Amino acid sequence: MNLETIITHSPALIVAVPLLGAFLTPLVAKINDKVRNIFVILTVGLTAFLVYLLASDVLANGIRTYVFGGGSPVIGSGESAFAIRILFEVDGMNIFMAIIASILALAGVIYSWAFMKGNTGLDKYYTLILLMIAGMFGMILTGDMFNFFVFLEITSISACALIAFWTNKGRAVDAGFKYIVISSIGALFVLFAIGILYGQYNALNMAVLANSMQYTFLDKIALVLLIAGLAMKAGIVPMHMWLPDAYGRAPSPVTLILVGTTQASLYGVLRMSFTVYGGHLTTPLKQVGDITIDLSLLLGIVIVALAIVTILIGVLMALKQTNFKRMIAFAAVGEIGYIFLAIGTAITTITNDPNTGATILTGSGEMALKGGIFHIINDALDVGLLFLVAGAIYYAAKETSLDKMGGLARNLKYTTVFFLIGLLAVSGMPPMNGFASKLMIYQSTYQINPILAIVAILCSILLLAAFVKVFHAAFLGPKLPKFTGVKEVPKSMLIAMGIIACIIIFFGLFPDFVVNNIVQPAANALADNSIYITQVIGGGL
Amino acid sequence: MIFNIPFIAVAALVLIGLYAVVFKRNLIKIVIGITLIESGVNLFLITLAYRKDSTAPIYTASPGGIMSMPVPHALTLTSIVIGVAVLALMLSLVVYIYRHYKTLDVRKIGGGEEE
């Protein structure tokens, strides 16, 4: 059992460990609550360690595939042979998302220790949390379309049950119902698209599909269904209405991991459009004079338009909220808009290389893609930290309405510092990580169209305004008599917030390190799908 | 034409289901709409598997000739199991919503001040 064996099997273990842990939790909980909490944290810690091992290997040696149940039966021979099995494929993009998921999962379970104390039904809570984490990692690591659908549903079901965890509050159950309606319809769209693709190409493997993609009329329908289905779960306007409710009413640690599952759906959009349909993004659609309109241009413009609306609605709605968690939820909608703005901008610039015929990103497109991918991790950390702070305030002062708060900085010293870090990061102020990625997005979108960059900067300023208002309302001001007994939150919550805050500051101070080491491989993996296809079909076995 | 009837049924089921989800105001009817969409998608997968004159792929004493594709059948079984779980979860949430608001009308639930 040396390190190489563990790394070889780690794609399967990353999903298997939390899944096994989930069903062991009720048994372990029979001993006592403390042992159960330690067991859950150790399970997630082990998963995070496996992600770290796999990441160091994938970033050094390139893509890894894991075939469940051995190499045979194999279709084809030689270079084009592939196993008809469920495959897990891990390249730069997968491992990048897995790193995000592991950070959020670890912080979430550590935070849960103190935050959820005193609630009943915690055995089920931890089981569901671990199931959700397993589903999230499965979505991220799988290379099989149907497997992706199954993990999507596992994540939806456990996330829905967790959103409605406080069943004594009617509004939480309402939010859970909204979430399950949206996500099950989205998942059924995805399944429909998978059926269409399977009917044509007789394959469920993403690389095989990408390789044999003909881009027929049916494929266009499948593309629309896939993107619409996954965008519903990612919370793009106009399919965003579940998101503020679900984020705002779930327990804070659940919201933190929910941010991770939303990002996993976002990853699904990227994987489908860049890898599965990657070879056909430059299909010419229409000739107008000398200019050919490619699919990439049309798709990019649609995504950019949706992204701008998402940013505007998210930020403007955040400004008028009086409930702390709802306000952060709308800010999260806006942040997802930034990611899509960058991705859409990158898609518009995809063209064919005149020499080799391969699809490449031109000019500022590469910068936009890197900025967008970098912003995925920054968004997860910033918004996650703010949700944890909101949870800490709720835990300490039992208050979520901004109108009724005030002077809490006297009681909650560390929480105030963490909130300031989150505030600066989410509104893109230096020296936090949000600044690094937003600057890349501003620069690249400015070269495509200055108006996009202006809207993006303006919305960042509005976001800053909204959060400064919160800072003033909740933390500054005179001491309120009803908050005299409020004490600093317990250590486990401070540790969870501290982990995320440290990573935010580290990313903000050394953005080059992050961009070169984990963002660049992810961007390369998305920009060129031929490596993915050849590695999985040919050399992977 | 006769072979297209399953596909027409698929389209009809999915569209009726979507109509129910979007326009109906009763929570139970929304849940029914989702199960209709799910049945449509399952029927689509089954229809994909069928070839003319094919036998079931579990039939060991096959009279010869072609068999229908087993993979979509496996996908459908998985999808049905997931569908049951989702349905049970949705209905249990409906029960909770009814206990809180004493109504199933979507216009009357979830309103009021944020807690």
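**A loop glycine and its surroundings**

A:Gly407 is found in the loop that runs between helix H13 (364-397) and helix H14 (413-426) of chain A. The model is a predicted one. Is A:Gly407 buried, partly exposed or exposed? With 17 other C-beta atoms within 10 Å, A:Gly407 is partly exposed, since a residue needs 20 or more to be buried and 12 or fewer to be exposed. Which residues does A:Gly407 touch, once its neighbours within four places in sequence are left aside? The contacts of A:Gly407 are with A:Gly477, A:Pro478, A:Lys479, A:Leu480 and A:Phe483. A:Thr25 stands 382 residues from A:Gly407 along the chain, and the two C-alpha atoms are separated by 40 Å.

A second pair gives another such separation. A:Asn517 lies in helix H18 (residues 511-527) of chain A and counts as exposed, with 12 C-beta neighbours inside 10 Å. Between A:Asn517 and A:Ile100 there are 417 residues along the chain, and their C-alpha atoms are separated by 14 Å.

**Backbone features in the loops of chain A**

Between H14 and helix H15 (433-448) of chain A, the loop holds A:Pro431. The peptide bond leading from A:Pro430 to A:Pro431 is cis, with omega near 5 degrees. Another cis bond joins A:Val237 to A:Pro238, with omega near 10 degrees; A:Pro238 has its place in the loop between helix H8 (217-234) and helix H9 (242-249) of chain A. Most residues other than glycine have a negative phi, and most peptide bonds are trans.

At the other end of H8, the loop between helix H7 (206-212) and H8 of chain A contains A:Tyr215. A:Tyr215 counts as partly exposed, having 14 C-beta neighbours inside 10 Å.

**Helices of chain A**

Helix H2 (residues 33-61) of chain A has 29 residues, which at 1.5 Å a residue should span 42 Å; the end C-alpha atoms are 42 Å apart, so the two values agree.

The axes of H5(A) and helix H10 (residues 252-276) of chain A come within 11 Å and cross at roughly 155 degrees. Angles over 145 degrees count as roughly antiparallel, and H5(A) and H10(A) are therefore roughly antiparallel to each other. The crossing in which H5(A) passes H10(A) is left-handed. H5(A) contributes A:Phe148, A:Thr155, A:Ala159, A:Leu162 and A:Ile163 to the contact, while H10(A) contributes A:Val254, A:Leu258, A:Thr261 and A:Gly268. Six of the residues in this contact of H5(A) with H10(A) are nonpolar and three are polar, with no charged residues.

**From chain A to chain B**

How many residues does each chain bring to the contact between chain A and chain B? The contact takes 27 residues from chain A and 27 residues from chain B. On the side of chain A that touches chain B, helix H5 (145-163) and helix H6 (170-201) each supply at least two residues. H6(A) gives the largest share of that side, 16 residues. By class, the side of chain A that touches chain B has 15 nonpolar, seven polar and five charged residues.

The 32 residues of H3(B) should span 46 Å at 1.5 Å a residue, and the end C-alpha atoms are 46 Å apart, which agrees. B:Lys102 lies in the segment after H3 of chain B. Phi of B:Lys102 is near 55 degrees, a positive value in a residue other than glycine. B:Lys102 is exposed, with 9 other C-beta atoms within 10 Å.

How values were computed:
Residues are numbered from 1 along each chain as its sequence is written. Chains are lettered from A and ligands numbered from 1 in the order in which they are written. This is a predicted model: local features need pLDDT of at least 70, side-chain atom pairs count only at pLDDT 80 or more; totals for chains, interfaces and linings use all residues. Two residues are in contact if their C-beta atoms, placed from the backbone, lie within 7 Å. Helices (H or I, at least four residues) and strands (E, at least two) are DSSP runs, numbered from the N terminus. Ala, Val, Leu, Ile, Met, Phe, Trp, Tyr, Cys and Pro count as nonpolar, Asp, Glu, Lys and Arg as charged, and the others, Gly among them, as polar. Axes are lines fitted to C-alpha atoms, for helices over the stretch in contact, and angles run from 0 to 180 degrees between N-to-C directions. Angles under 35 degrees count as roughly parallel, over 145 as roughly antiparallel, 65 to 115 as roughly perpendicular and the rest as oblique. A crossing is left-handed if the near helix is turned anticlockwise from the far one by less than a right angle, and right-handed if clockwise. The expected span of a helix is 1.5 Å times one less than its number of residues.
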